[in-house]
Amino acid sequence: MKDFKFYFNRIIPALIFIILIFLPVSAESVNLLDLGAPAPQVFSPFGVLIKIFSRAPNSAEFRLFPFCLTFYLLLLLPAISIYLIVQLFLKQAHDRLRHIVTLTGLTLYLLCSIWCMITFANTRRWFFKLPYYIYITNLLVLLMHVHLTFSILFNHQNGKIEFETIQKTRKQEGQQQKRHFISIRTKVLVTILITILTLLGIFTAFILHDNHKMIVAAVGNTGRAQAEQAAAVYESAEGMNEKVQVFFEEQSHSNEFSNSPYDRIDIIITYNTKSYYIENIDSSTALPPYDVFAYTTGRPSRIPDEEKIISAEEALEYVKRYKSGLYLKEPVYDRTKGTCKYIHPVTFTRREGQKLVGFSIVTYRKEVLMKTYYQTKVFVLTLAVIFLYIVILITFILTDYITTPLIYLKSNVQDASSKFSQIIASGGQVGAEALVFNDDIKTKDEIKDLSTAINDFISLIRGLIPYISNSTLKYADREPNSQLSVAKDLCFLFTDIRGFTSMCEGRPAREVVRILNHYLELETEIIIRNHGEIDKYVGDEVMAFFAGARKEYNACKAAMEIRKAMRKAQELSLQDGSDYVSMGIGISTGRVIFGSVGSSKRKDFTSIGDTVNIAARLESANKAYGSKAIITEAVFEKLQGSFICRELDLLTVKGKSEPIRIYEILQQKEGAETKIFEIRDFFQKGLNYYRRQNWDKAEAAFKECVERYNDMPSVIFLDRIRHFRKNPPPEKWDGVFELKVK
């Protein structure tokens, strides 16, 4: 169903284009020769088109072909409005085409507005006299143009895997980025823009400076020439009215067609009878005031009285400028009135020298004088702004083209790093196959080479992960010289495959490795599933540890699941007639030193302490007792009855003098069969009689256990009873058994 946004994006632009045809777009030039002239007349595209088609009398600017062409192009605005309205009824929306058409309409209007400004802006006052609503209209159109342009560029990126990956990574990063983080894209964009803006500014300033210098020199030459010519005409006519008057009338007529007309030409003289010669005038000369306003091309009634008189001080200053040649370099500026004057002495040639009669003055309004320069300035600055806008768009595209592969590569690396962190945090539950790097950079440059190199490196890491313990991975990013060894409470589980060596005799090495990996894979999955970590593999032996509040429970649960998996493997082996193996397990809990062990060339993270050694001895003790899984008393106490265990013996392991009480895990209490409880009870009864040296009752209890359940530990104790009957233990025997093997 079409929503509000669908209608808004079509109806509003269509209405705007219709309104723009009738709204004033600009204003005519300011009359520079008449300061009291009214504000320039504004005009709309519709009004201009009516004048053009009706051939109504217009100013010269309206008849220029480029000007007419821009307004002819605005006839497309109604057509664009119709197209947008038609889009409302089409089943399939062509958003990209609609954006381009709308952008074309906005561009045409802005070009028309810009051309009007270049054509009619002849002074700074033109911008101040322009109505405010024209500024608002053009500003809104410009903002729409910028918004739509960047929307098209942005939408062009949508759908690309690089862009989607970058956006996803930025959302995931959230507030993780540093406060003062500046992306490489921003750096490249700002660097290019600053460079181009600097060069553009220098180039623009250079052009305007040279143009200003050229125009001032050209107009200055004209003004000085006119002042000299007026003085020469007056001198040659000896002040005769008719000849001078004809010259002034000719000058007034030619001034009407000048591109930079002067305001007026004046000749001001004095009737003072005293003669002053230019050659003899210096700073001490007291010149008379020149107060006879003899000739002018202007209207005397509109000329202020103070401009009809030249004071003695001003006359002396004008003579100094003439004699020093300063009048050739710059005119006399009156900043309060906005005028500049080219002044030349009027003299009569006498035998004594050049007699000063008065001064010829050519007055220009500064606005008129600088009209051509100002129009050039508007044109150059407008082109500079348009060029800058285009450069920004091109820079945005180029920056996107250059930096997107880099940012995409960074996103892929971050994604791979995140997956690597997940592998470490999972404690082995997430496998190395999850570490994947997307090497799909499309560019054929150094970025692609870098992506390929990173992919090769990630592949190498993915291949190494299975060979490195999870603990090593966790601590691998620490500083080489930092203290990595810490004391920890851990529960250790050792397993060893019984009968594996004999089973592998005569088999090819490749087959042996396959069988070993099969059993180790079973054990590893169970250990990791129960929140344990593999410390190392030593042949067919596994060393694992568990951490946390339930470490003993998790270790024993893993041991039971391993036994169950091994029983299934035995059943399958019996069915197909192949050799089968059994498993011995030892579990111990306590405090160990956990940390880095090795040299600077090769290190490993492992645990050292009695807890580790006891767990290894208990695993070996299974051979002596015919048991499957032996635990220490500390582990038994932590289980809190969740497993059915039987006390197995009190023994001392090799290398330790203190006896330890050991237990065998029989089964998890939940769902245990009755016979498991009977095995425990019969064995416990026999063990109690055994420690009291009541050999007959102990023998009877152990025999009951053997006959009913074929219990191997009971067989071991029956052998001990036969031994002690022949060789009684010492008088103070405490029932401790010394384990001779490691």
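1. Strand S3 (residues 264–269) and strand S7 (residues 353–365) run antiparallel and are joined by six bridges. Within this pairing, Asp-266 has Ile-361 of S7 as its bridge partner. Strands, here and below, are DSSP runs of E with at least two residues, and helices are runs of H or I with at least four, numbered from the N terminus; two strands pair if DSSP finds at least two bridges between them.

2. The model is a predicted one, in which local features need pLDDT of at least 70 and side-chain atom pairs count only at pLDDT 80 or more, while totals for chains, interfaces and linings use all residues. Residues are numbered from 1 along each chain as its sequence is written, and side-chain values use heavy atoms, with hydrogens and water left out.

3. S3 and S7 belong to an open sheet of five strands, ordered S4-S3-S7-S6-S5 with antiparallel pairing. Its edges are strand S4 (292–296) and strand S5 (332–334), each of which pairs on one side only. From one strand to the next, the twist averages 30°.

4. Two helices pack on this sheet. Helix H9 (residues 184–236) touches S3, S4, strand S6 (339–350) and S7, and its direction makes about 30° with that of S6. Helix H11 (residues 312–324) touches S5, S6 and S7, and its direction makes about 95° with that of S7. Contact means heavy atoms within 4.5 Å; axes are lines fitted to C-alpha atoms, for helices over the stretch in contact, and angles run from 0 to 180 degrees between N-to-C directions.

5. Strand S14 (residues 643–652) is largely enclosed by the rest of the structure, because ten of its ten residues are buried (under 20% relative accessible area, with a 1.4 Å probe and protein chains only). S14 runs antiparallel to strand S15 (residues 660–668), with eight bridges between them; Cys-645 stands opposite Ile-665 in S15. With strand S16 (residues 736–738), S14 pairs in the parallel sense over three bridges, and Thr-652 has Glu-738 of S16 as its bridge partner.

6. Helix H22 (residues 695–709) packs against helix H23 (residues 712–726) at an angle of about 155°, with the axes 9 Å apart. H22 is therefore roughly antiparallel to H23 (an angle over 145 degrees). Residues of H22 in the contact include Trp-695, Phe-702 and Val-706, and those of H23 include Phe-717, Leu-718 and Ile-721.

Conventions. Parallel < 35°, antiparallel > 145°, perpendicular 65-115°, else oblique. Buried < 20%, exposed > 50% of the residue type's maximum accessible area, 1.4 Å probe, protein only.
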